[in-house]
Amino acid sequence: MTIQHPNFGSLPDDRVIMFDTTLRDGEQSPGFSMNLQEKLRMAEALTDLGVDVIEAGFPIASPGDFESVQLIAQTIRGPVIAGLARSARGDIIRAAEAVAPAERKRIHTFLSTSPLHMKYKLRMEPDAVLQAVTDSVTLARQYTDDVEWSAEDGSRTEPDFLCRCVEAAIKAGATTINIPDTVGYAVPEDMFRIFNMIRERVPGADGIILSTHNHNDLGLAVANTLAAMAGGARQIECTINGIGERAGNAALEEIAMAIRTRPDAVHRTTGIVTNRILKTSKLLSTITGFDVQPNKAIVGRNALAHESGIHQDGMLKNAATYEIMTPESVGWAKTSLVMGKHSGRAAFRDKLKALGYGDVGDNQLNDAFRRFKDLADRKKIVYDEDIVALVDDEVLRDHQRIRFVSLDVRAGSKVKPSAELELEIDGELRADMAFGDGPVDATFNAIRALFPHEVILRLYSVGAVTEGTDAQARVTVRLEEDGKLVDGQGADTDTLVASARAYIHALNKLMVKRVRTEPPAVAAK
Ligand code: KIV
Ligand code: ZN
């Protein structure tokens with residue numbers, strides 16, 4: 001039966017809906033929090049990537065979460081914007097308010113259905129849970145025709161009860177039913193069986209979209225997703241780089257490329273523009289400060305590199321000997337030399353366009369161009385990756401209270417390390433100097449002198465954007481204030497400048513976080 005969906009109309013039978021929850025399930029995990037502008041930037045990138053639904057957040061969790069869902073709903077055009085809500089009335093109304101400005105909106109409400117969760121977490125009897133399913137979906141339907149209902153801990157739910165809950169949700173008007181493997185416990189056979197069972201046993205299941213949402217605790221999230229699809233799931237919930245609670249969620253890039261690479265085995269299509277995958281993955285890494293591991297499928301540095309002699313020999317004779325997908329199909333370009341210090345603004349703009357940054361505003365372009373010139377003066381070879389790091393860095397710094405201006409550091413074995421720093425704070429230029437136990441310490445002390453604050457430095461890490469001693473350093477700084485953690489990033493050929501930028505980035509985020517309140521005690525997974 002062809003499904004008539006309120007936001008997608010009649011979907012071709014082989015088309016799956018890609019539901020991205022990077023900004024909700026992904027952002028919820030420790031260390032991955034993003035500020036308002038970063039979430040908007042990610043939402044824009046997800047739109048360009050071709051996702052169908054963006055779960056923008058959990059509006060009741062905090063005023064900051066509400067604001068970001070609302071801003072994304074106001075700004076993003078194309079994908080459906082979803083807001084998460086527990087079954088409580090207040091949650092649903094808050095989610096409805098947050099997604100109200102969206103061109104296409106969805107309320108996603110959930111309730112636990114497994115014996116363990118009902119007894120210990122909800123302290124509710126099954127009949128009361130069943131009633132709450134009906135009530136919550138009925139209420140959500142008063143605000144939008146597109147309502148998703150999730151059976152939290154669905155994979156560990158007693159089958160008869162799961163079918164009754166799903167039936168109640170469909171009767172109350174849910175248009176998508178999601179069966180999450182909340183704790184990453186399922187194996188592929190379980191998922192296949194559950195989806196088949198729902199399709200066979202639940203009246204009305206053939207008229208709605210079934211959705212799968214898998215956590216990666218046993219490393220099976222993507223395998224479980226494919227098995228659920230074979231069982232009839234038409235919506236795939238996933239995140240970029242597989243980020244998410246604990247071991248994360250199913251990785252969007254892995255599912256999209258499995259579908260594209262094995263049409264013979266997975267008879268489905270997506271709307272994902274696969275050659276934007278790498279760019280989106282890198283943007284997320286820049287924003288969160290977490291690079292993926294080198295061997296991460298699809299987006300890891302080594303994922304499509306062929307180093308061994310035997311492999312290289314085979315590749316030269318015929319690439320298909322060892323290559324199941326081309327690097328270009330996911331956005332890897334052959335590392336190319338870009339313009340030198342004599343290149344002009346027009347060439348730089350062209351290069352940005354080719355790298356997928358055609359939409360960078362004039363101010364950001366000017367700042368990025370200035371930094372590019374500076375970089376080309378200091379660095380023999382400027383790679384595409386350098387430019388990407390630099391532009392992402394500029395974009396992240398838009399709308400910030402504290403801006404880096406200049407840094408002069410003295411260090412070595414004979415002098416007491418000192419740092420002279422200039423910052424622009426709320427539009428006003430200020431300068432100061434400080435000493436420290438080393439050049440990084442002196443730099444951070446200078447920031448504290450110019451902008452007094454009390455935080456704990458939890459992490460300081462340095463990585464290289466490309467190879468060579470003249471490579472740009474990418475620094476991550478993690479700060480803690482009242483138990484809240486934020487990460488900041490900075491990139492520059494000078495490790496100390498990158499360190500200052502990263503610290504200031506984190507400080508700016510902390511100021512945004514200060515106006516947020518605590519999330520509610522019963523947060524979704
Ligand atoms: O893992 C889970 O159960 C969830 C639901 C809120 C969909 O994230
Ligand atoms: Zn989840």
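Biologist: What spacing do the donors of the zinc ion (ligand 2) follow along the chain?

Modeller: The pattern is D-x187-H-x1-H. Bear in mind that this is a predicted model.

Biologist: What makes Asp 25, His 213 and His 215 count as coordinating the zinc ion (ligand 2)?

Modeller: A donor has to be an N, O or S atom within 2.8 Å of the metal. Here the atoms are OD of Asp 25 and NE2 of His 213 and His 215, at 2.0 to 2.1 Å, so they qualify as donors. Asp 25 and His 213 are also buried.

Biologist: How do you know how many disulfides the structure holds?

Modeller: The count is zero. A disulfide needs two cysteine sulfur atoms within 2.5 Å. Take Cys 165: its closest cysteine sulfur, in Cys 163, is 9.4 Å away, so that is too far for a bond.

Biologist: Why are β3 and β10 called a pair?

Modeller: Two strands pair if there are at least two bridges between them. β3 and β10 have four, in the parallel sense, so they pass. Phe 19 stands opposite Glu 237 in β10. Strand β9 runs parallel to β10 as well, joined by three bridges, and His 213 also stands opposite Glu 237. From β9 the chain crosses through helix α9 (residues 221–231) to β10, and this β-α-β crossover is right-handed.

Biologist: How do you know that the span of helix α2 is close to what is expected?

Modeller: α2 has 14 residues and reaches 20 Å from first C-alpha to last, and 20 Å is what you'd expect at 1.5 Å a residue. At its start, a side-chain oxygen of Asn 35 comes to within 3.2 Å of the backbone nitrogen of Gln 37. The cut-off for a polar contact is 3.5 Å, so this one counts. After α2 comes Gly 50, with a positive phi near 95 degrees.

Key:
Residues numbered from 1 in each chain as written. Chains lettered and ligands numbered in written order. Predicted model: local features only at pLDDT ≥ 70, side-chain atom pairs only at ≥ 80, totals over all residues. Heavy atoms only, no water. Donors = N, O, S within 2.8 Å, 3.2 Å for Na, K, Ca; no water. Buried < 20%, exposed > 50% of the residue type's maximum accessible area, 1.4 Å probe, protein only. Helix = DSSP H or I, 4+ residues; strand = E, 2+ residues; numbered from the N terminus. Right-handed = clockwise from strand over helix to strand, strands pointing away. Expected span 1.5 Å × (residues − 1). Polar contact = N/O pair within 3.5 Å; in protein donor to acceptor, adjacent residues only side chain to side chain.
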